[in-house]
Amino acid sequence: NHFDINNTFNCTFIDEDDDGDEPQVSEVVRTKCPILLTKLYDPVQNKKCLHVYSRQGVEQLLGKKSSSECPIAGCKQIIRKADLVENRTLFRRIQKQIQLEEKMSQQQHDSILPEELDDL
């Protein structure tokens with residue numbers, strides 16, 4: 001089963017050991033787990049393909065198996081527990097993005113006038 005997740009945001013990763021020679025890398029980060037299709041609250045990253053999953057989702061995917069194919073559409077890398085790492089910087093960025101999405105959603109909800117509710 002492969003999934004294509006639309007909930008994404010762009011972020012720039014800066015190498016903490018940056019010596020000035022390498023440019024900053026911008027990439028799209030998914031805010032939903034491709035396995036559970038829920039928000040990423042406890043993300044782990046596959047060292048092989050760099051895709052991110054929720055810890056709970058990847059544990060469910062692997063179950064008692066030692067490995068499984070990455071669930072991201074088009075990716076043929078294998079997920080192994082030994083290849084999963086926590087990425088604290090990514091965790092903080094995802095949490096910040098989730099909070100922003102929730103705030104925007106609340107603002108949209110709050111902008112509905114009571115008379116508009118009568119029309120629904």
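Biologist: Why is aspartate 42 called partly exposed?

Modeller: In this predicted model, aspartate 42 has a relative accessible area of 36%. Buried means under 20% and exposed over 50%, so the residue falls in between and counts as partly exposed.

Biologist: What makes aspartate 42 and arginine 55 a salt bridge?

Modeller: Their side chains meet at 3.0 Å, N to O. The limit is 4 Å between a side-chain nitrogen of Lys or Arg and a carboxyl oxygen of Asp or Glu, so the pair qualifies. Aspartate 42 lies in the loop between S2 and S3 and arginine 55 in helix H1, so the bridge ties together parts 13 residues apart in sequence.

Biologist: How do you know which class arginine 55 belongs to, buried or exposed or partly exposed?

Modeller: Its relative accessible area is 24%.

Biologist: What makes the charged end of arginine 88 sit over the ring of phenylalanine 91?

Modeller: The charged end is 5.1 Å from the ring centre. The distance limit for CZ of Arg is 6 Å, and the atom must also be within 35 degrees of the ring normal. The distance is within its limit, and the contact is counted as a charge over a ring.

Biologist: What does the salt bridge of lysine 39 and glutamate 101 tie together?

Modeller: The side chains meet at 3.2 Å, N to O. Lysine 39 is in the loop between strand S2 (25–30) and S3, and glutamate 101 is in helix H2 (residues 88–110), so the pair ties together parts that are 62 residues apart in sequence. By the same rule the count comes to four salt bridges.

Biologist: How do you know where the buried residues of helix H1 lie around the axis?

Modeller: The buried residues of H1 (residues 55–62) are Gly57, Val58 and Leu62. They cover an arc of only 125 degrees around the axis, which puts them on the same side of H1. The face turned away carries the exposed residues Gln56 and Gln60. The cover of the buried residues includes S3, S4, S5, S6 and S7.

Biologist: Why is lysine 76 called exposed?

Modeller: Its relative accessible area is 61%. Exposed means over 50%, so lysine 76 is exposed.

Terms used: Residues numbered from 1 in each chain as written. Predicted model: local features only at pLDDT ≥ 70, side-chain atom pairs only at ≥ 80, totals over all residues. Heavy atoms only, no water. Buried < 20%, exposed > 50% of the residue type's maximum accessible area, 1.4 Å probe, protein only. Helix = DSSP H or I, 4+ residues; strand = E, 2+ residues; numbered from the N terminus. Arc of directions from axis to C-beta. Contact = heavy atoms within 4.5 Å.
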